[in-house]
Amino acid sequence: MDTFVINLQKCSIHDGPGIRSTVFFKGCPLKCTWCHNPESQAYSKEVLYNEEKCSRCEACIKICPHGAIYRDTEKVCLDFEKCEQCETCLDYCINNAREMVGKQYTPKELVNELYKDRMFYEESGGGVTLSGGEVMAQDMDYINEVVKLCRGKGFHIAIDTCGYAKTQNYERILEYTDLFLYDIKLIDDEKHMKFTGKSNDLILKNLKFLSDNKANINIRIPLIVGVNVDDDNLEVKNMIEFLKPLNIKAVSLLPYHNIGKHKYEKLYKAYDGDEFEKPSDEKMEEIKDLFEQNNFNTKIGG
(Lines give C-alpha, C1' and ligand atoms only; values in the text may rest on other atoms or scores of the structure.)
Protein backbone atom coordinates (compact mmCIF):
# COMPACT_ATOMS: atom_id res chain seq x y z
CA MET A 1 0.00 0.00 0.00
CA ASP A 2 1.33 3.45 -0.94
CA THR A 3 1.30 5.98 1.87
CA PHE A 4 0.23 9.55 1.12
CA VAL A 5 0.30 12.66 3.31
CA ILE A 6 -2.34 15.32 2.76
CA ASN A 7 -0.99 17.95 5.13
CA LEU A 8 1.84 18.76 7.51
CA GLN A 9 0.23 21.17 9.93
CA LYS A 10 2.84 23.17 11.77
CA CYS A 11 2.32 24.94 15.11
CA SER A 12 -0.76 22.92 16.02
CA ILE A 13 -2.07 23.35 19.58
CA HIS A 14 -5.08 21.02 19.45
CA ASP A 15 -3.56 17.59 18.81
CA GLY A 16 -1.74 16.91 22.05
CA PRO A 17 0.31 18.90 24.57
CA GLY A 18 2.39 21.92 23.61
CA ILE A 19 3.11 23.13 20.10
CA ARG A 20 3.09 20.25 17.63
CA SER A 21 3.45 19.23 14.03
CA THR A 22 0.50 17.10 12.93
CA VAL A 23 0.89 14.75 9.99
CA PHE A 24 -2.40 13.98 8.24
CA PHE A 25 -2.24 10.69 6.33
CA LYS A 26 -4.60 9.91 3.45
CA GLY A 27 -7.06 7.05 3.74
CA CYS A 28 -9.64 6.02 6.34
CA PRO A 29 -11.78 2.87 6.75
CA LEU A 30 -14.67 4.88 8.22
CA LYS A 31 -16.97 7.08 6.16
CA CYS A 32 -18.43 9.35 8.83
CA THR A 33 -21.41 11.29 7.50
CA TRP A 34 -20.14 14.48 9.15
CA CYS A 35 -16.49 14.08 8.09
CA HIS A 36 -14.89 17.51 7.72
CA ASN A 37 -11.84 16.18 5.84
CA PRO A 38 -13.35 14.25 2.89
CA GLU A 39 -10.04 14.52 1.03
CA SER A 40 -8.58 12.21 3.70
CA GLN A 41 -10.95 9.30 3.04
CA ALA A 42 -9.47 7.73 -0.12
CA TYR A 43 -6.06 6.02 0.06
CA SER A 44 -4.98 7.40 -3.33
CA LYS A 45 -4.16 10.86 -4.67
CA GLU A 46 -7.10 13.04 -5.71
CA VAL A 47 -7.62 16.21 -7.72
CA LEU A 48 -9.48 19.05 -6.00
CA TYR A 49 -11.31 21.51 -8.24
CA ASN A 50 -12.10 25.03 -7.04
CA GLU A 51 -14.96 26.19 -9.28
CA GLU A 52 -14.69 29.80 -8.07
CA LYS A 53 -11.18 30.11 -9.50
CA CYS A 54 -12.04 28.48 -12.82
CA SER A 55 -12.29 30.83 -15.85
CA ARG A 56 -13.76 28.05 -18.08
CA CYS A 57 -10.86 28.44 -20.51
CA GLU A 58 -11.00 24.67 -21.12
CA ALA A 59 -7.22 24.32 -21.31
CA CYS A 60 -7.46 21.36 -18.93
CA ILE A 61 -10.01 19.65 -21.19
CA LYS A 62 -7.78 20.04 -24.23
CA ILE A 63 -4.58 18.93 -22.52
CA CYS A 64 -5.80 15.96 -20.44
CA PRO A 65 -4.13 12.90 -22.02
CA HIS A 66 -6.82 10.54 -20.70
CA GLY A 67 -9.94 12.46 -21.72
CA ALA A 68 -11.01 12.62 -18.08
CA ILE A 69 -12.09 16.29 -18.02
CA TYR A 70 -15.20 17.53 -19.80
CA ARG A 71 -17.66 20.43 -19.85
CA ASP A 72 -21.19 19.94 -18.51
CA THR A 73 -23.21 23.14 -19.12
CA GLU A 74 -21.39 25.73 -17.00
CA LYS A 75 -19.27 23.35 -14.93
CA VAL A 76 -16.00 21.62 -15.74
CA CYS A 77 -16.30 18.00 -14.58
CA LEU A 78 -13.99 15.07 -13.94
CA ASP A 79 -14.47 11.43 -14.92
CA PHE A 80 -12.87 9.63 -11.97
CA GLU A 81 -12.66 6.32 -13.81
CA LYS A 82 -10.51 7.86 -16.53
CA CYS A 83 -8.41 10.14 -14.32
CA GLU A 84 -4.96 8.70 -13.56
CA GLN A 85 -3.76 11.57 -11.32
CA CYS A 86 -1.00 12.42 -13.79
CA GLU A 87 -1.20 16.13 -12.77
CA THR A 88 -0.97 17.36 -16.36
CA CYS A 89 -4.08 19.52 -15.86
CA LEU A 90 -2.45 21.27 -12.91
CA ASP A 91 0.42 22.48 -15.07
CA TYR A 92 -1.93 24.08 -17.61
CA CYS A 93 -4.42 25.70 -15.21
CA ILE A 94 -3.48 29.37 -15.23
CA ASN A 95 -5.82 30.15 -12.32
CA ASN A 96 -4.66 27.28 -10.09
CA ALA A 97 -8.23 26.01 -9.91
CA ARG A 98 -6.94 22.46 -9.58
CA GLU A 99 -4.68 20.98 -6.93
CA MET A 100 -3.48 17.48 -6.16
CA VAL A 101 -4.06 16.11 -2.67
CA GLY A 102 -1.63 13.44 -1.55
CA LYS A 103 2.14 13.66 -1.36
CA GLN A 104 4.63 10.87 -0.76
CA TYR A 105 7.62 11.07 1.56
CA THR A 106 10.07 8.42 2.60
CA PRO A 107 10.05 7.99 6.40
CA LYS A 108 13.39 9.79 6.61
CA GLU A 109 12.18 12.68 4.44
CA LEU A 110 9.08 13.07 6.60
CA VAL A 111 10.98 13.02 9.89
CA ASN A 112 13.59 15.44 8.53
CA GLU A 113 10.74 17.84 7.71
CA LEU A 114 9.35 17.45 11.24
CA TYR A 115 12.82 18.01 12.71
CA LYS A 116 12.78 21.59 11.41
CA ASP A 117 10.29 22.47 14.18
CA ARG A 118 12.17 20.80 17.03
CA MET A 119 12.70 24.12 18.85
CA PHE A 120 8.94 24.59 19.15
CA TYR A 121 8.60 21.10 20.61
CA GLU A 122 11.42 21.60 23.09
CA GLU A 123 10.26 25.01 24.33
CA SER A 124 6.57 24.12 24.65
CA GLY A 125 6.63 20.47 25.67
CA GLY A 126 5.14 19.60 22.29
CA GLY A 127 6.00 17.05 19.65
CA VAL A 128 4.61 15.16 16.68
CA THR A 129 1.07 13.88 16.17
CA LEU A 130 0.28 11.30 13.50
CA SER A 131 -3.30 11.65 12.32
CA GLY A 132 -5.50 11.03 9.31
CA GLY A 133 -7.58 9.90 7.66
CA GLU A 134 -6.55 7.00 9.84
CA VAL A 135 -2.87 6.62 10.59
CA MET A 136 -3.28 3.11 12.02
CA ALA A 137 -4.81 1.82 8.78
CA GLN A 138 -1.77 2.79 6.70
CA ASP A 139 1.23 0.63 5.75
CA MET A 140 2.40 -0.19 9.28
CA ASP A 141 5.98 -0.88 8.21
CA TYR A 142 6.08 2.74 7.06
CA ILE A 143 4.34 4.10 10.18
CA ASN A 144 6.50 1.99 12.48
CA GLU A 145 9.66 3.38 10.89
CA VAL A 146 8.39 6.97 11.18
CA VAL A 147 7.55 6.46 14.86
CA LYS A 148 10.95 4.91 15.62
CA LEU A 149 12.78 7.71 13.81
CA CYS A 150 10.75 10.29 15.76
CA ARG A 151 11.57 8.51 18.99
CA GLY A 152 15.24 8.56 18.01
CA LYS A 153 15.02 12.35 17.67
CA GLY A 154 13.51 12.58 21.15
CA PHE A 155 10.08 13.75 19.92
CA HIS A 156 6.96 13.30 22.04
CA ILE A 157 4.68 11.13 19.87
CA ALA A 158 0.88 11.18 19.79
CA ILE A 159 -1.35 8.95 17.68
CA ASP A 160 -4.75 10.37 16.71
CA THR A 161 -6.93 7.38 15.83
CA CYS A 162 -10.52 6.33 15.21
CA GLY A 163 -9.62 2.86 16.53
CA TYR A 164 -10.64 0.93 13.42
CA ALA A 165 -7.46 -0.97 12.58
CA LYS A 166 -5.87 -4.31 13.37
CA THR A 167 -5.08 -4.73 17.06
CA GLN A 168 -1.55 -5.87 16.18
CA ASN A 169 -0.97 -2.47 14.56
CA TYR A 170 -1.43 -0.82 17.97
CA GLU A 171 0.70 -3.49 19.60
CA ARG A 172 3.60 -2.71 17.21
CA ILE A 173 3.87 0.97 18.14
CA LEU A 174 2.67 0.88 21.75
CA GLU A 175 6.13 1.14 23.31
CA TYR A 176 7.06 4.15 21.15
CA THR A 177 3.86 6.17 21.65
CA ASP A 178 3.46 8.72 24.44
CA LEU A 179 -0.22 9.51 23.91
CA PHE A 180 -3.22 8.08 22.09
CA LEU A 181 -5.94 10.56 21.09
CA TYR A 182 -8.78 8.08 20.68
CA ASP A 183 -12.10 8.92 19.02
CA ILE A 184 -15.32 7.46 20.36
CA LYS A 185 -18.38 8.39 18.33
CA LEU A 186 -21.12 6.01 19.44
CA ILE A 187 -21.65 3.02 21.73
CA ASP A 188 -24.82 1.95 19.93
CA ASP A 189 -23.47 -0.35 17.22
CA GLU A 190 -26.48 0.01 14.92
CA LYS A 191 -26.10 3.79 14.91
CA HIS A 192 -22.37 3.45 14.44
CA MET A 193 -22.97 1.37 11.32
CA LYS A 194 -25.49 3.90 10.04
CA PHE A 195 -23.32 6.99 10.47
CA THR A 196 -19.80 5.62 9.84
CA GLY A 197 -20.34 2.54 7.67
CA LYS A 198 -18.59 0.21 10.16
CA SER A 199 -19.34 -1.67 13.36
CA ASN A 200 -17.71 -0.31 16.51
CA ASP A 201 -16.74 -3.76 17.85
CA LEU A 202 -13.12 -3.47 16.74
CA ILE A 203 -12.89 0.14 17.96
CA LEU A 204 -14.04 -0.75 21.47
CA LYS A 205 -11.83 -3.86 21.50
CA ASN A 206 -8.75 -1.83 20.61
CA LEU A 207 -9.54 0.77 23.26
CA LYS A 208 -9.72 -1.98 25.89
CA PHE A 209 -6.43 -3.38 24.59
CA LEU A 210 -4.68 -0.03 24.99
CA SER A 211 -6.20 0.45 28.42
CA ASP A 212 -5.15 -3.02 29.59
CA ASN A 213 -1.61 -2.22 28.43
CA LYS A 214 -1.46 1.02 30.44
CA ALA A 215 -1.35 3.32 27.42
CA ASN A 216 -1.80 7.05 27.98
CA ILE A 217 -5.25 7.64 26.45
CA ASN A 218 -7.23 10.83 25.89
CA ILE A 219 -10.75 10.26 24.58
CA ARG A 220 -12.17 12.64 21.97
CA ILE A 221 -15.91 12.65 21.34
CA PRO A 222 -17.57 14.58 18.49
CA LEU A 223 -20.98 15.66 19.78
CA ILE A 224 -23.76 15.94 17.21
CA VAL A 225 -27.46 16.56 17.79
CA GLY A 226 -29.42 13.64 16.37
CA VAL A 227 -26.43 11.31 16.37
CA ASN A 228 -25.13 11.01 19.93
CA VAL A 229 -26.82 13.98 21.61
CA ASP A 230 -30.47 13.98 22.68
CA ASP A 231 -32.62 15.38 25.46
CA ASP A 232 -31.95 12.43 27.78
CA ASN A 233 -28.20 12.14 27.07
CA LEU A 234 -28.69 8.39 26.70
CA GLU A 235 -25.77 7.76 24.34
CA VAL A 236 -23.49 9.95 26.43
CA LYS A 237 -24.41 8.02 29.58
CA ASN A 238 -23.68 4.76 27.77
CA MET A 239 -20.26 6.12 26.79
CA ILE A 240 -19.53 7.05 30.39
CA GLU A 241 -20.46 3.56 31.62
CA PHE A 242 -18.20 1.97 29.02
CA LEU A 243 -15.27 4.27 29.77
CA LYS A 244 -15.43 4.23 33.59
CA PRO A 245 -13.51 0.96 34.10
CA LEU A 246 -10.81 1.91 31.59
CA ASN A 247 -7.51 3.71 32.01
CA ILE A 248 -8.61 7.08 30.59
CA LYS A 249 -6.60 10.19 31.41
CA ALA A 250 -8.84 12.87 29.91
CA VAL A 251 -11.91 13.50 27.76
CA SER A 252 -12.33 16.20 25.09
CA LEU A 253 -15.85 17.06 23.92
CA LEU A 254 -15.90 18.35 20.35
CA PRO A 255 -19.05 20.19 19.20
CA TYR A 256 -20.10 19.49 15.61
CA HIS A 257 -19.12 21.92 12.88
CA ASN A 258 -19.48 21.90 9.09
CA ILE A 259 -16.50 24.05 8.14
CA GLY A 260 -15.31 21.30 5.77
CA LYS A 261 -18.51 21.35 3.72
CA HIS A 262 -16.91 23.31 0.87
CA LYS A 263 -14.33 20.55 0.36
CA TYR A 264 -17.03 18.15 -0.86
CA GLU A 265 -17.77 20.42 -3.81
CA LYS A 266 -14.08 20.43 -4.72
CA LEU A 267 -14.18 16.62 -4.82
CA TYR A 268 -17.44 16.54 -6.83
CA LYS A 269 -19.15 14.94 -3.84
CA ALA A 270 -22.42 15.66 -2.03
CA TYR A 271 -22.33 16.63 1.64
CA ASP A 272 -24.85 14.62 3.68
CA GLY A 273 -24.44 16.42 6.98
CA ASP A 274 -26.77 19.36 6.45
CA GLU A 275 -29.33 17.94 8.87
CA PHE A 276 -26.83 17.80 11.74
CA GLU A 277 -26.71 20.47 14.43
CA LYS A 278 -24.16 21.69 16.91
CA PRO A 279 -25.25 21.20 20.55
CA SER A 280 -26.07 24.40 22.39
CA ASP A 281 -23.52 25.80 24.83
CA GLU A 282 -25.85 24.79 27.64
CA LYS A 283 -26.02 21.20 26.37
CA MET A 284 -22.23 21.06 26.04
CA GLU A 285 -21.85 22.18 29.66
CA GLU A 286 -24.48 19.65 30.73
CA ILE A 287 -22.57 16.82 29.08
CA LYS A 288 -19.28 18.08 30.50
CA ASP A 289 -20.82 17.98 33.98
CA LEU A 290 -21.91 14.37 33.46
CA PHE A 291 -18.34 13.32 32.70
CA GLU A 292 -16.91 15.33 35.56
CA GLN A 293 -19.41 13.78 37.98
CA ASN A 294 -17.85 10.46 37.01
CA ASN A 295 -14.34 11.69 37.73
CA PHE A 296 -13.17 12.31 34.17
CA ASN A 297 -10.86 15.27 33.52
CA THR A 298 -13.04 16.89 30.86
CA LYS A 299 -12.80 19.90 28.59
CA ILE A 300 -14.82 21.31 25.70
CA GLY A 301 -12.77 21.60 22.52
CA GLY A 302 -9.62 19.91 21.24
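**Ground rules.** Residues are numbered from 1 along each chain as its sequence is written, and side-chain values use heavy atoms, with hydrogens and water left out. As the model is predicted, local features need pLDDT of at least 70 and side-chain atom pairs count only at pLDDT 80 or more, while totals for chains, interfaces and linings use all residues.

**Helix H7.** I looked up H7, residues 189-196 (helices are DSSP runs of H or I, at least four residues, numbered from the N terminus; strands are runs of E, at least two). Which of its residues are buried? I found His192, Phe195 and Thr196 (buried means under 20% relative accessible area, exposed over 50%, partly exposed in between, with a 1.4 Å probe and protein chains only). Seen down the axis of H7, these buried residues fall within an arc of 80°, so they line one face of the helix (the arc is that of the directions from the helix axis to the C-beta atoms). The face turned away from them carries exposed Glu190 and Lys194.

What do the buried residues of H7 pack against? I got helix H8, 201-212.

**Ends of H7.** Asp188 caps the N-terminal end, with a side-chain oxygen 3.0 Å from the backbone nitrogen of Glu190. After H7 comes Gly197, with a positive phi near 85°.

**Asn169.** I then turned to Asn169 in helix H6, residues 167-173. Asn169 counts as buried because its relative accessibility is 10%. Leaving aside neighbours within four places in sequence, I found Asn169 in contact with Met136 and Met140 (contact means heavy atoms within 4.5 Å). A polar atom of the Asn169 side chain lies 2.9 Å from the backbone oxygen of Met136.

Conventions. A polar contact is a pair of N or O atoms within 3.5 Å; within protein, one must be able to donate a hydrogen and the other to accept it, and residues adjacent in sequence count only if both atoms are side-chain atoms.
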